Amino acid sequence: MEMDGDSCRNFSLDSTSSSQFALPSACVPKAKKPEVPEPESSPHCSDIITSSSSSTTTISIGAFDSQCNVQKGSIPGAPNIGYELNVAKSIMQQYSTLSGDNLFDHISDIIKRVIDERPPNVIDFFEEFSRNVREQKFHLPERFPPNAVFDEVRTFRVAKQILQSMKLPYTLEGEVLDGEEMYGEEGKANDEDLRIAIDDSMRLFITFNERVQQLQFYWNQCGFSICNDDIFQLASAMNRLETHPSIMQCRFWGCINGLKASYYIVEASLTREEVASRLVMMQEEMREKQLPLKMRSDRVERPPPPHIGPELTPGIYGWEDFPLEELEKMQPKAAPVPLVEEIEFYDIPPEMIGLGCNRYSYFVVNSLYDDWIELPIVTPRQIVVSRQIKKFLTGDLEADVISYPCFPGKEKHYLRTMIGRITAGTYIAPAGYYRRMTKKEQRLFDGEDMDQGEEEEEEEEEEEEGLNEAEEEQIEDNDVMLLKNEKYQVEPLGSLATPVAWVHVRSNILEQGRVVWYDEEKAQKEREKALALYLKMQLMDEMEEEAEEEDEEEGDGEEEGEEEGMMEGFNQPEVGPSILSSCANDRSAEIPVPWLIRLTSKYTNQKERMLIMQSNVWPGAYTFTFENTCESIYLGWGHKYFARNIPFKHLPMVQEEYKHDPEDFIEATDPTVEEEEAYRAWLLRKQQKDAYVAEDMDDIEDDDEFDDQYDDAD
Amino acid sequence: MNLEYFSEGLDYLMYCGMKLSPEQRILIENSLIALQNDNRFSGMYLWGRITATKNDYYIAFGFTNDCLKDRKYFYSLDQFQWQLLPFVQSPNIFQATILAREPFIGDPSIQTYVKLDPTFNIVGNQVAGIGCPEVVKLKEEERLAAIVFIITEECAICPRGAFYKMTDGRVIPNQMFRGLNNLQIDNQSYYQLFRLPRNDLKVNLAKRSDYNYAIDFLDTIDCVIPLGQAFALNLQKNERLVVIKSCLWMGMTFFHKIDSHKHGFLYLGDGKKNFDLLFMY
């Protein structure tokens, strides 16, 4: 404060000294004015700022005075233009007490910027422009190190990840790396040899076009594609995936948008060895799941909960007359505590890896520099439920899917079902483009599989296959992998521009959620048989528990009988459109025209135009064809088309959740006043007796508590 | 999307997976330049495409003085002959447009009949009577105009500061707009709806402490109902590009390049509102 006062005094002194030169009177108070609020504002500011700002003002004022003094010598007392200008300039140059800036500098900055940059219509945006100039002035010093902290650029993190993902050989550790590289090359060479050795038998079955950059050209022509910047990264990311030993072939499936990030999806088929090794694990698991509950070894008998809520009082009137020892043994007269009942529930088993819906594996990433994550297999129940819901994907594979009916799984399962459904619905090709495998090829394709699998799983596999084949022979050919037809005749686009000329090339998924129909009823009977056998064995083992077991058996019989009743609808094998059926037969209740047909160029370039089939049922699914190339891709949100809104399933009525009979709730009349009186009297008597006997204090306390409880209950 | 940086904008919009084929791009860009010249527009924008079963509609708009009030919309079936979209005022048409189940056909003169929802007379919390649902004759051209208007109203986006309100009330593109910076880019309150503001000016100004009368007069997208669910904001391209997709009108995509004046929106879709939005989060 004192210092500021001093500066004020200095200033006023100086200005009075300058007022000798007949300053216009208006000028002096104006010049003073900005100085006045400073003492007010300075206490709020920190010391350093006040001192610095005040010092700068004093310095500048000194400079101004000296300027005036210089002019004082040259100019006589009469007012003249030069002097007026100086005064005006000094007014403009007064420093703001808040920002330490002055108007003169600002206006000169603006003028400089306008002349340098020549922005159009600057007068219309003058305020904005002025604000901009000032803003940049404040920001300027921060941007230049070393005085300021260097702020990490937003893009740096991403750039680093991209570089890391490319696994560039750094020259810094050249020698060590060289050796490794040599080894690596050898290893690679070996790998390649191996791959070739494997591929020779499987080359026939490679139907995927894995060259995304080549496809990108077509996609660009068609008017849908992923970004040009990303395509190289996609190609290298797919290369990373492809060289993995367990992958036979892969292709870019498409993109599904999420709210926070989108998924890039690659479809891959695994090598035979990989499939075989997974199959072993999966079969174990499936067998475990299909076992009847009672046969599962891991099932632990849970002890019933000791009680629920507060202890119930023994409920017979006159119980107080009983002696204490007997009271302790008394069972409270209340409904037994309900226990959790285990209901036998069997899912329709998912199709084995390499078959049906799980024929291909899918790998996803959010950003192309990340590692590919394999999606889990899809189960029929997931497919069935996913047909009843419509959700946004978030971009996080582990996110919960909150829906009704409850979706069994996380977002990765949901994503997988969507991929499966879209693939089944929208993958088409011109008729004759793909062909079925011949029997010889089929054997080649399956044969080695069998040889390897048979070592351990011979019996089971045969059993299962026998089981499947027996009943599904007529529809089994739906679940096949198609091969490219070498004899495919390129048809003119004109004749292809109708859905009749196109066929579905992926197996249709049935209502049940499988490609190959699963006979639930038969499986149920098998389970019953197995259970009966198991129980018989147990009976023979443990003769003393005979009675109980019989009870259980009876119970099971009833249960299963009910289930059988429910399953009756499944008696007839469900049939859907078979693979290679024509697109002209597609029907959708929601949209009358399931396929849109577009040419990439309508008016020009007749020779090189392509034909696009665009699915209306799954907006975002495209298939293009050009001469010998035909590829499908999906770029969208993963939502099926609905004309207005999806008919969501409603929640059931609340009352249905807990069914009860009238006798579940037994009403009792409240005790009358007399009864209560009698109780109190009895209590008093007991207490007196206790006191008389002079037992521990504990007992009395107990009684008190009891008393309290009773009162509360009242 | 602004015609000034048409192909660049299309490249950015590829992050939604869709763009135009080369022929469409050339036809549309050049025919729009011609259209701009014929109509003496000061700004010309491609609005998007509405998929129809036979032919797709391409929509464009331009303006002379005020980019909010005197926009003129055009549509084209063949991508080079542009016709003026009619101006729809009847609320019946709007209601019918929202309710129409059938996809667009691709013939502007075709007429369909749309049954409106029944009206209910409610007296004292009881339904006193049900009005007979009205059947409205809907010409596809009018339906198109209505749907374009609705989509623009509900989810056309511009970054804060891209448009400037002059003292005489006209709204023009801000020549000084330098783009949003690092800190602002992922904040939804820095994006505005490119329509005549519906909120009160005071409400819009009061939302931020650093308000600016000339800029903050538009409604921001963080207040669109359902709050926080109507738009999905993503950063792309080394986080240099922000892409906002509307969840209400699937297919509406907005892009803005960080620290540059380039921004735009494009609708490529079938003109169907996502009525299930609230169940989808």
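**Strand pairing around β16(B)**

I started with Met252(B), whose bridge partner in β16(B) is Tyr267(B). This is a predicted model, so I kept the thresholds at hand: local features need pLDDT of at least 70, side-chain atom pairs count only at pLDDT 80 or more, and totals for chains, interfaces and linings use all residues. Residues are numbered from 1 along each chain as its sequence is written, chains are lettered from A and ligands numbered from 1 in the order written, and side-chain values use heavy atoms, leaving out hydrogens and water.

I noted the terms next. Helices (H or I, at least four residues) and strands (E, at least two) are DSSP runs, numbered from the N terminus. Two strands pair if DSSP finds at least two bridges between them.

Strand β15 (residues 252-257) of chain B pairs with β16(B) in the antiparallel sense, over five bridges. The two form a hairpin with five residues between them. In the turn, I found Asp259(B) with a positive phi of about 55°.

I then looked at β1 (residues 43-50) of chain B, which runs parallel to β16(B) and is joined to it by three bridges. Ile50(B) has Gly269(B) as its bridge partner in β16(B). In β2(B), the bridge partner of Ile50(B) is Tyr57(B). Seven bridges join β1(B) to β2 (residues 57-63) of chain B, and these strands run antiparallel.

**The whole sheet**

I traced eight strands in an open sheet of chain B, in the order β4-β3-β2-β1-β16-β15-β14-β13, with mixed pairing. The edge strands are β4 (83-84) and β13 (231-236) of chain B, each pairing on one side only.

Is β16(B) covered or open? Strand β16 (residues 263-269) of chain B is mostly covered, with seven of its seven residues buried (under 20% relative accessible area; exposed is over 50%, partly exposed in between; 1.4 Å probe, protein chains only). His263(B), Phe265(B), Tyr267(B) and Gly269(B) point one way. Gly264(B), Leu266(B) and Leu268(B) point the other way.

**Cores**

I looked up the nonpolar cores: sets of buried Ala, Val, Leu, Ile, Met, Phe, Trp, Tyr and Cys residues joined through side-chain atoms within 4.5 Å. The largest has 69 residues, and those touching the most other members include Trp47(B), Ile50(B) and Phe194(B). Helix α4 (residues 140-155) of chain B gives the most to this core, with eight residues. Apart from it lies another core, of 64 residues, among them Leu270(A), Phe626(A), Ile28(B) and Leu268(B).

**Helices α1(B) and α2(B)**

Helix α1 (residues 6-13) and helix α2 (residues 22-39) of chain B pack at about 135°, with axes 11 Å apart. Axes are lines fitted to C-alpha atoms, for helices over the stretch in contact, and angles run from 0 to 180 degrees between N-to-C directions. The contact (heavy atoms within 4.5 Å) is made by residues including Phe6(B) and Leu10(B) of α1(B) and Arg25(B) and Ile28(B) of α2(B). α2(B) also lies across β1, β2 and β3 (71-76) of chain B, running at about 135° to β1(B).

**Arg101(B)**

My last entry is Arg101(B), in the loop between α3 (91-99) and β5 (111-115) of chain B. Arg101(B) is partly exposed, with a relative accessible area of 40%. Not counting residues up to four places away in sequence, Arg101(B) touches Glu590(A), Tyr641(A), Ala643(A), Arg644(A) and Lys272(B).
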